[in-house]
Amino acid sequence: MLWSEEREGKEMGIPTNIRTLLSGEAVEWARIEFKETWDAEASLKTVCAFANDLDNWGGGYIVIGVEEKNGQPIYPLKGIEADKIDAYQKSILSKCKLIRPAYMPIVEVTDYENKKFIILWCPGGDNRPYSSPKTMGKDNKVRIHYIRKMSSTVEISDDEEKDLFNLANRVPFDDRVNHQAEISDLNVTLIQNYLKEVKSSLYEKAKTGNFVEVCSDMNIISNLPEYVKPKNVGLMFFSMEPDKFFPYTQIDVVQFPDGLGGNDIIEQTFKGPIQQQLRDALQYIRNMILTEKIVKYSDRAEADRFFNYPFAAIEEALSNAVYHRAYDVREPIEVRVENDRIEIVSFPGPDRSVTIEGLKNYRVSNRRYRNRRIGDFLKELHLTEGRNTGLKKILNALEANGSPNPEFETDEAHSYFISRFFIHEKFLNENKRANSETDLNSTPSTPNSTPSTPNSTPSTVLPDDLQGLELREQILVLIKKNPSISKRKMSEVLGISMYALKKELAVMSEKHIAEFVGFSRSGKWVTYE
């Protein structure tokens with residue numbers, strides 16, 4: 001319950017602001033419902049629907065005092081008469097107590113354009129499924145599990161009710177309480193900086209108020225007053241070292257200047273709060289990898305300008321990887337930069353509702369989201385787009401830059417996901433010339449050396465005990481021989497790319513053939529044969 005008996009009457013706050021909600025920029029319209037007045041019967045159903053959060057969107061908001069048309073606010077805003085505020089709040093409290101099991105939204109009275117409004121923040125609840133009365137009549141005994149469909153609150157169907165009950169015991173990983181962490185692991189400065197950036201009304205309270213109350217208002221700690229522990233999402237955004245709790249929560253940018261077979265590898269790792277590592281990695285890519293070309297013409301004043309890769313496409317793809325990766329999987333996000341492409345690799349793959357055929361045709365409609373709370377925070381920071389809009393942004397950015405179409409890849413097991421971007425053709429010719437110059441300036445081969453073929457890469461000589469075996473068998477031989485072997489060492493011995501190795505390891509783990517158990521330095525590989 002988000003507003004317990006002990007907290008009734010205390011000042012509450014929400015982690016965003018009314019200006020953001022009215023704009024529809026950070027929070028999708030389908031997750032906001034505008035009400036001119038407090039209508040207990042209709043609004044209670046919507047509170048119940050947001051609490052059920054069938055598709056793991058992250059719940060939603062009800063803004064009272066705003067007239068709407070087609071789900072969007074009508075200006076000028078009406079607001080609520082000051083003498084009705086107290087009555088509305090008391091009604092909200094009493095009516096929301098009718099929801100079963102117990103659930104209470106966070107309620108805030110706010111001023112905007114010299115008018116008063118009430119905002120109900122209704123995050124997805126921990127004790128789904130929730131039901132509310134079908135009517136407010138005294139004789140009503142019918143209770144309904146309400147859900148959201150697009151921007152409407154509707155009664156649940158039989159199939160959807162089965163889904164909702166299946167979700168009842170599956171709280172998303174980012175919204176779970178972390179029993180190994182303490183409230184002191186949350187950094188007050190990071191929280192204040194976030195609230196200031198998103199212009200939340202909680203910012204002033206965070207500077208002078210009770211730290212635990214602020215964290216509770218943000219829903220980043222457990223709700224039990226006798227057991228105050230951070231939630232995973234709080235540690236991901238507001239801990240200085242989230243990788244202490246979620247190993248390999250990092251972004252690795254790996255460059256191969258001489259190609260995959262070359263000896264020169266440049267690797268940069270970004271750690272820290274996930275929003276900071278995302279921003280730092282994007283800044284590094286912008287400064288060190290992206291290049292602009294300007295082509296001038298004698299017969300016209302305008303020049304053509306384009307990049308080897310458009311930043312907006314890379315930004316959206318990497319943000320999506322941070323949003324959708326599994327933080328209980330001990331794998332980093334990897335950005336692989338080759339001479340003619342950039343690949344962004346994350347684990348595992350997308351939701352089952354995303355098909356391989358759909359990815360090939362750029363038709364993706366992700367029904368459920370793995371990290372509903374992470375998505376909320378990233379959207380507030382304008383680091384990712386709304387639901388199912390990121391792909392369109394990527395395609396538009398590539399088209400505007402004149403870049404080739406991308407590739408999006410996963411496998412039947414949905415064990416990994418790759419976003420693949422190809423270099424602009426004007427840069428491809430330059431890279432080929434640069435590689436040719438490198439070959440000409442390299443040390444000549446000796447008479448006894450083996451001649452290389454064009455575009456060939458140095459081959460890896462496999463140890464005798466791996467000769468003639470399939471990849472999976474080779475991996476099993478290596479981990480049985482050395483249960484502490486690293487993935488990087490395995491990829492070197494086997495002569496395969498890191499993501500090809502990770503792809504096979506993910507399948508082996510899912511099929512319970514072998515997996516890594518324990519922490520990165522003290523853990524070991526275990527086989528189940």
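Which residue takes a positive phi in the hairpin of S9 and S10? The views below start there. This is a predicted model, where local features need pLDDT of at least 70, side-chain atom pairs count only at pLDDT 80 or more, and totals for chains, interfaces and linings use all residues. Residues are numbered from 1 along each chain as its sequence is written, and side-chain values use heavy atoms, leaving out hydrogens and water.

**View 1. Here's the hairpin of S9 and S10.** Met150 is the residue in question, with a positive phi near 55° in a hairpin that has 2 residues between its strands. S9 (residues 146-149) and S10 (residues 152-155) pair in the antiparallel sense over 4 bridges. Strands are DSSP E runs of at least two residues, numbered from the N terminus, and a pair needs at least two DSSP bridges. Look for Tyr146 opposite Glu155 in S10.

**View 2. Cys122 is in no disulfide.** A disulfide here is a pair of cysteine sulfur atoms within 2.5 Å, and the count comes to 0. For Cys122, the nearest cysteine sulfur belongs to Cys96, 7.2 Å away.

**View 3. Helix H16 covers residues 487-494.** Helices are DSSP runs of H or I, at least four residues long. Lys487, Met490, Ser491, Val493 and Leu494 are buried in H16. These buried residues fall within an arc of 165° seen down the axis, so they line one face of the helix; the arc uses directions from the helix axis to the C-beta atoms. At the start of H16, a side-chain oxygen of Ser486 comes within 3.1 Å of the backbone nitrogen of Lys489. After the helix comes Gly495, with a positive phi near 70°.

Key. Buried < 20%, exposed > 50% of the residue type's maximum accessible area, 1.4 Å probe, protein only. Polar contact = N/O pair within 3.5 Å; in protein donor to acceptor, adjacent residues only side chain to side chain.
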